[in-house]
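This briefing is intended to be read alongside the sequence and the three-dimensional model.

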Amino acid sequence: MDKHYMQMALDIAKKGQGNVSPNPLVGAIIVKDGKIIGKGYHEEYGKNHAEINAINDANESVEGATLYVNLEPCTVHGNTPPCADRIIEEKFKRVVIAQKDPNPEVNGRGIKKMENAGIKVEVGVLEEEAKKLNAFYNHFMVKKRSFFTLKAALTLDGKMADLRGDSNWITNKKSREHAMYLRFINDAVLVGAQTVRHDNPHLNVRGYDKKRPFYKIIISKKLDIPETSNVFKTEGNTIIFCGKDADKEKIKNFEKLNSKVFVNERSENVSIEFLISTLYEMKIQSVLVEGGASVFSQFIEKNYVDRMALFYAPKIFGKGIPAFGKITPKYVNNPLKVDIERWETFDDNFFIQGTVCSQD
């Protein structure tokens, strides 16, 4: 039954999507005498963790019960007290954990602390599923950088816009709704200056109640984007990356629009490395890279694309703007490979999501 209860913990953990970052998604199930007596999940950053919510939800004493939780209980005192301490205090008999916490401040300490208190601890039940659920968090802790998902809406022949640069709308409404869901579960969306100039996007999250800060990131080496752009009129934190030659007055003007401008003082361009290190310092764990083709190529060439999320419509443009037309040419013996993890249809559109394989 361990797998059954752990799957329940994983399922309930998903309810925190979009609202707990930079904390991980965590669900907890309490079982005593063969029945569930409490359950909870981490609902919002800064509020109770899953274990505490499950304990508070319990309809009887949890002493002697088994706790199922998809991530190792914490041992650090942040916005809330350490969960491991509360578990010990409540005298749980057994704790079943899917995944050890990769956060170096916790990593094994919660397990050891509970074991030292006489609690039987088991680790590794549905571990792979747990790691997939918290892919953003795990990646950020291990790789020390944001998790980048490249998202594009394409025709069957791989065009992201027609020859005039028009892309409204290639895909259908259901595809666009799912694309908005991807924004919701990520910390940020990123585009280049050309996308802002040509498409004038809002880059906000619509249709979801996102309680955590959402960042709208723009790469514009010379700050050649209109100050009247829609992106400055919508909710969210706007971040602009520019090169050292950007006009100082423009920087001041964008800051007056409640935007944070980061200047790459070492180059007239915006290096991906500069951007990545800055986002890491800001604790931005996940970024949806939405275009355009030049931005796509920069991330792909540097091997910084972790996932592809591609929407296809049954249309063919022939001549048009290809999404991947600016990357170094690939051939049959050395293509950019994607391991497909998910395939779904949205009426006559189809969506594929996959992990980008390492390029040697």
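In this predicted model, the buried residues of helix 7 are Ser175, His178, Ala179, Met180, Tyr181, Leu182, Arg183, Phe184 and Ile185. Helix 7 covers residues 173-185, and its 13 residues, at 1.5 Å a residue, should span 18 Å; the end C-alpha atoms are 19 Å apart, which agrees.

**Helix starts and ends**

- Asn172 stands at the start of helix 7, where one of its side-chain oxygens reaches to within 3.2 Å of the backbone nitrogen of Lys174.
- At the start of helix 9 (residues 248-256), Asp247 brings a side-chain oxygen to within 2.8 Å of the backbone nitrogen of Glu249.
- Asn258 follows helix 9 and has a positive phi, near 60°.

- Nine strands form an open sheet with mixed pairing, in the order 11-10-9-8-12-6-13-16-15.
- The edges are strand 11 (259-264) and strand 15 (338-346); each has a single partner strand, so one side of each is left without a neighbour in the sheet.
- From one strand to the next, the twist averages 20°.
- Strand 6 (residues 147-155) pairs with strand 13 (residues 307-313) in the parallel sense, over seven bridges. Within this pair, Ala153 has Phe311 of strand 13 as its bridge partner.
- Strand 15 pairs with strand 16 (residues 349-356) in the antiparallel sense, over eight bridges. Asp339 has Thr355 of strand 16 as its bridge partner.
- Two residues lie between the strands in the hairpin of strand 15 and strand 16, where Asp347 takes a positive phi near 55°.
- Helix 11 (residues 293-301) lies across strand 6, strand 8 (188-192), strand 12 (286-291) and strand 13, and runs at about 135° to strand 12.

- An unreviewed UniProt entry places the feature "binding site" at His49, Cys74 and Cys83. These positions are spread over 35 residues of sequence but cluster in space, with a largest C-alpha distance of 9.2 Å.
- His49 is located in the loop between strand 2 (35-41) and helix 2 (50-57). Its relative accessible area is 19%, so His49 counts as buried.
- Not counting residues up to four places away in sequence, His49 touches Asn23, His42, Cys74, Thr80 and Cys83.
- Cys83 belongs to helix 3 (residues 83-89) and is buried, at 1% relative accessibility.
- Neighbours within four places in sequence aside, the contacts of Cys83 are His49, Glu51, Ile52, Pro73 and Cys74.

- How accessible is Thr195, buried or exposed? Thr195 counts as buried, because its relative accessibility is 14%, under the 20% cut-off.
- Asp199 counts as partly exposed, at 34% relative accessibility.
- Leaving aside neighbours within four places in sequence, Thr195 contacts Asn200, Pro201, Gly291 and Gly292, whereas Asp199 contacts Gly165, Ser167 and Gln194.

**Asp162 and its surroundings**

- Asp162 is part of strand 7 (residues 159-162) and is buried, with a relative accessible area of 12%.
- The side chains of Asp162 and Arg164 make a polar contact at 2.8 Å.
- A polar atom of the Asp162 side chain also lies 2.9 Å from the backbone nitrogen of Asp166.
- Beyond residues up to four places away in sequence, Asp162 touches Phe317, Gly320 and Ile321.

How values were computed
Residues are numbered from 1 along each chain as its sequence is written. This is a predicted model: local features need pLDDT of at least 70, side-chain atom pairs count only at pLDDT 80 or more; totals for chains, interfaces and linings use all residues. Side-chain values use heavy atoms; hydrogens and water are left out. Two strands pair if DSSP finds at least two bridges between them. Helices (H or I, at least four residues) and strands (E, at least two) are DSSP runs, numbered from the N terminus. Axes are lines fitted to C-alpha atoms, for helices over the stretch in contact, and angles run from 0 to 180 degrees between N-to-C directions. Contact means heavy atoms within 4.5 Å. UniProt positions are given in the numbering used here, feature names are shortened, and annotations may be inferred rather than shown by experiment. Buried means under 20% relative accessible area, exposed over 50%, partly exposed in between (1.4 Å probe, protein chains only). The expected span of a helix is 1.5 Å times one less than its number of residues. A polar contact is a pair of N or O atoms within 3.5 Å; within protein, one must be able to donate a hydrogen and the other to accept it, and residues adjacent in sequence count only if both atoms are side-chain atoms.
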